[in-house]
Amino acid sequence: MSVNETDTAMTTAEIRELESRYGIPTYAQLPIAVVGGDGSWVTDADGRRWLDLYGGHAVALTGHCHPRVVKAIQDQAGKLLFYSNVVANDARARALRSIAGIAPKGFSRTFLCNSGSEANEAAIKIARRTTGRRRVVSMINGFHGRTMGSLSATALGHYLADYAPGVPDHEFIPFGDLAAAERAITDTAAGILLEPIQSMGGMWTATAEYLRGLRALCDRHGTLLMFDEVQTGPGRTGAWWYGENFDVQPDVITTAKGLGSGVPVAAVIASDAVAAKVKEGDQGTTFGGGPLACAAVEATIAVLRDEHLVENAAARGAQIADAVRSIAGVTGMRGRGLLSGIVLDRDAGPVVKALRGHGILAGSTPGDAKVLRLLPPLVLTESEVETFARALHAVMKGA
Ligand SMILES: Cc1ncc(COP(=O)(O)O)c(C=O)c1O
């Protein structure tokens, strides 16, 4: 096949061969080429259907190709693909209003950008700018992205070590350890950035007590509490934002992944008190808040709300926990809602592979080999959970 040839009916093998020939090989890929999707399902190039409990890495929040999201993108594409923030735009105005509508009380302002890493970079800059301090505290085992700034707040495996040194003035403490937080959060700390559920790190889940403790320490020292909700928000844990499960409000929330149901978009949502300190020129990005992405954001939030998908995330998460609890070899559960970590008595890698034999895509975590990770669309149904539980049962029995 020549480079310019357009072939809509390529086989899995042809697609994989082209990608491996022309892509810089940074990704370990599954032996699948996905070409379509609807709801919790994707279709591969050979016509096989897969139950997608990986969700394109937590991105397909409203399911694949939700008709309302697709229509909003199509309509916007026919009107205006892009204009930068140098002018106002109707799609951007509506998306900002939609985000404010689901943000915690006292959070009405958002900075729009393009990826989780970029959102975390912006949050770190906001912490430094608004406090006048430099030191940023984050968690051992946390993951905040791969650009140099967000990577500098990442202390998981090889990600930063391979590129050290990182940006100066980052400090790491053990997740869940309030005494360590007390030592690190002082009058010289600009901010603390953490994932409420350390997804890549092994699905370690913050308790209410820990988050309340961090809130109190940050209040005492004027340090910004920043939740990286790139995976947990919006809605995935059964509340719009993780802290709402426990009535704990951070000062800054970053989110990305599912916010546009697959159109690249990210957001830094700040409390009004923090937002009031950010000045013109403090941050910017060409593509942030582009009309196409904003149309996707508005439609995504409308679908989450109208179809009660946040409530569904809580219900399906509880159903998964109930359904797998009695399976031999399942030793525990981590996570919350539809960010679900099933702890096994064995490595999850071979289990993930065997689930593919049952037509199911699931994940593992680099931080804990024994954790099977589910990040499915929030449209997941009761019967799809049953299908998964039956398959996991068979796989764990070695069938
Ligand atoms: C918690 C968390 N933060 C940040 C990121 C980085 O997001 P992105 O890949 O969109 O830059 C990720 C990506 O997996 C993530 O899981």
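Student: Hi! Is Tyr242 buried or exposed?
Tutor: Tyr242 counts as buried because its relative accessibility is 0%. Keep in mind that this is a predicted model.

Student: And Phe246, buried or exposed?
Tutor: Phe246 is buried, because its relative accessible area is 15% and the cut-off for buried is under 20%.

Student: What do Tyr242 and Phe246 form?
Tutor: Tyr242 and Phe246 form an aromatic pair of the edge-to-face kind, with 5.4 Å centre to centre and 65° between the planes.

Student: How many aromatic pairs does the structure hold?
Tutor: There are four aromatic pairs in the structure. One of them joins Phe143 and Tyr159, edge-to-face, at 5.1 Å centre to centre with 75° between the planes.

Student: Where do Phe143 and Tyr159 sit in the chain?
Tutor: Phe143 is in the loop between β5 (135-139) and α6 (148-151), while Tyr159 is in helix α7 (residues 158-161). The two are 16 residues apart, and their pair links distant parts of the chain. Both Phe143 and Tyr159 are buried.

Student: New topic: which ring does the charged end of Arg48 sit over?
Tutor: That would be the ring of Trp50, with the charged end of Arg48 at 4.5 Å from the ring centre. Elsewhere, Arg334 lies over the face of Trp204, 3.5 Å from the ring centre.

Student: How many bridges join β13 to β14?
Tutor: Six bridges join β13 to β14 (residues 339-344), and the two strands run antiparallel. Among the partners, Met333 is bridged to Ile342 in β14.

Student: What about the largest nonpolar core? Which residues touch the most other members?
Tutor: That core has 54 residues, and Ile320, Ile342, Leu355, Leu372, Phe388 and Leu392 touch the most other members. Elements giving two or more residues to this core include α4 (90-102), β12 (266-270) and α14 (382-396). Helix α11 gives the most, with eight residues.

Student: Let's zoom in on Leu372. What does Leu372 touch?
Tutor: Leaving out residues up to four places away in sequence, Leu372 touches several residues, including Ile342, Leu344, Val351, Leu355, Phe388 and Leu392.

Student: How many residues are in the other core?
Tutor: The other core lies apart from the largest one and has 30 residues, among them Ile197, Leu214, Cys218 and Leu339.

Student: Where is Leu214 found?
Tutor: Leu214 is in helix α9 (residues 208-221). Leu214 counts as buried because its relative accessibility is 0%.

Student: How many residues apart are Leu214 and Asp177 in sequence?
Tutor: Leu214 and Asp177 are 37 residues apart in sequence, and in space they are 9.9 Å apart, C-alpha to C-alpha.

Key: Residues are numbered from 1 along each chain as its sequence is written. This is a predicted model: local features need pLDDT of at least 70, side-chain atom pairs count only at pLDDT 80 or more; totals for chains, interfaces and linings use all residues. Side-chain values use heavy atoms; hydrogens and water are left out. Rings of Phe, Tyr and Trp (its six-membered ring) pair if their centres lie within 6.5 Å; planes under 30 degrees apart count as stacked, over 60 as edge-to-face and the rest as tilted. Helices (H or I, at least four residues) and strands (E, at least two) are DSSP runs, numbered from the N terminus. Buried means under 20% relative accessible area, exposed over 50%, partly exposed in between (1.4 Å probe, protein chains only). A charge sits over a ring if NZ of Lys or CZ of Arg is within 6 Å of the ring centre and within 35 degrees of the ring normal. Two strands pair if DSSP finds at least two bridges between them. A nonpolar core is a set of buried Ala, Val, Leu, Ile, Met, Phe, Trp, Tyr and Cys residues joined through side-chain atoms within 4.5 Å. Contact means heavy atoms within 4.5 Å.
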